[in-house]
Amino acid sequence: MRGVTHKGKELANCYGIGRLDLKANDIVLEVGANSGDLLIYLSDLNIPLTVHCFEPDPIAFEPLQLNCDTVDGAVAVNKALGNTCGTAVLFLSTLGGDSSLSEPENYDKEVSVDSITLDSYLEQQSSIASDAEIKLLKL
């Protein structure tokens, strides 16, 4: 767990998350959540947040689901967030940590994954009010 916590802090520093004034019940969307490093960082802040973690890679999703199960307010979403609803090709770059819906120069393999648009996802979430403000969209 120490490595996950360290990686979460690195991500938070990289994205400037420490400068945000996070408050109870803020909504965070983490796109490309991997195994949930940033989620663990956010949970360590001891602020009750709602964090929706998107991860289409089926291998990375398994530990993400386990981490989400231990954090109140965390939702694991095994879909790619993209510009269409349906299926998409995910180009896996496990060593480079650069898996993407856009074909990178180098990748390991292609997998078909479910995809959804942000608008469609938010419309489906009864727990998110239509006028709710999303505090952080991490891409």
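User: Starting with Phe 91, is this residue buried or exposed?

Analyst: Phe 91 is buried, at a relative accessible area of 9%, where buried stands for under 20%, exposed for over 50% and partly exposed for what lies in between, using a 1.4 Å probe and protein chains only. The model is predicted, so local features need pLDDT of at least 70 and side-chain atom pairs count only at pLDDT 80 or more, while totals for chains, interfaces and linings use all residues. Residues are numbered from 1 along each chain as its sequence is written, and side-chain values use heavy atoms, with hydrogens and water left out.

User: How many aromatic pairs are in the whole structure?

Analyst: There are 2 aromatic pairs, a pair being rings of Phe, Tyr or Trp (its six-membered ring) whose centres lie within 6.5 Å, called stacked if the planes are under 30 degrees apart, edge-to-face if over 60 and tilted otherwise. One of them is edge-to-face and joins Phe 54 to Tyr 121, at 4.8 Å centre to centre with 70° between the planes. Because Phe 54 belongs to strand 2 and Tyr 121 to helix 4 (residues 118-124), this pair ties together parts 67 residues apart in sequence; helices (H or I, at least four residues) and strands (E, at least two) are DSSP runs numbered from the N terminus. Both Phe 54 and Tyr 121 are buried.

User: And what does Phe 91 pair with?

Analyst: Phe 91 pairs edge-to-face with Tyr 107, at 5.0 Å centre to centre and 70° between the planes. Phe 91 sits in strand 5 (residues 86-92) and Tyr 107 in the loop between strand 5 and strand 6 (109-116), 16 residues apart. Tyr 107 is partly exposed, with a relative accessible area of 28%.

User: Changing topic, how many disulfides are there?

Analyst: The search finds 0 disulfides, a disulfide being two cysteine sulfur atoms within 2.5 Å. For Cys 14, the nearest cysteine sulfur is that of Cys 53, 17 Å away, and Cys 14 is exposed at 62% relative accessible area.

User: What order do the strands of the open sheet have?

Analyst: The 4 strands follow the order 3-2-1-7 with parallel pairing, and strands pair if DSSP finds at least two bridges between them. Strand 3 and strand 7 (134-138) are at the edges with a single partner strand each, so one side of each has no neighbour in the sheet. Strand 1 (residues 27-31) and strand 7 run parallel and are joined by 4 bridges, and Leu 29 stands opposite Leu 137 in strand 7.

User: Which residues touch the most other members of the largest nonpolar core?

Analyst: They are Ile 17 and Leu 42, in a core of 20 residues; such a core is a set of buried Ala, Val, Leu, Ile, Met, Phe, Trp, Tyr and Cys residues joined through side-chain atoms within 4.5 Å. Helix 2 (37-44) is among the elements giving two or more residues, and helix 2 gives the most, with 4 residues. Leaving aside neighbours within four places in sequence, Leu 42 is in contact (heavy atoms within 4.5 Å) with Ile 17, Leu 22, Val 28, Leu 49 and Val 51. Another core, of 9 residues, lies apart and includes Val 31, Val 77, Leu 81 and Ile 128.
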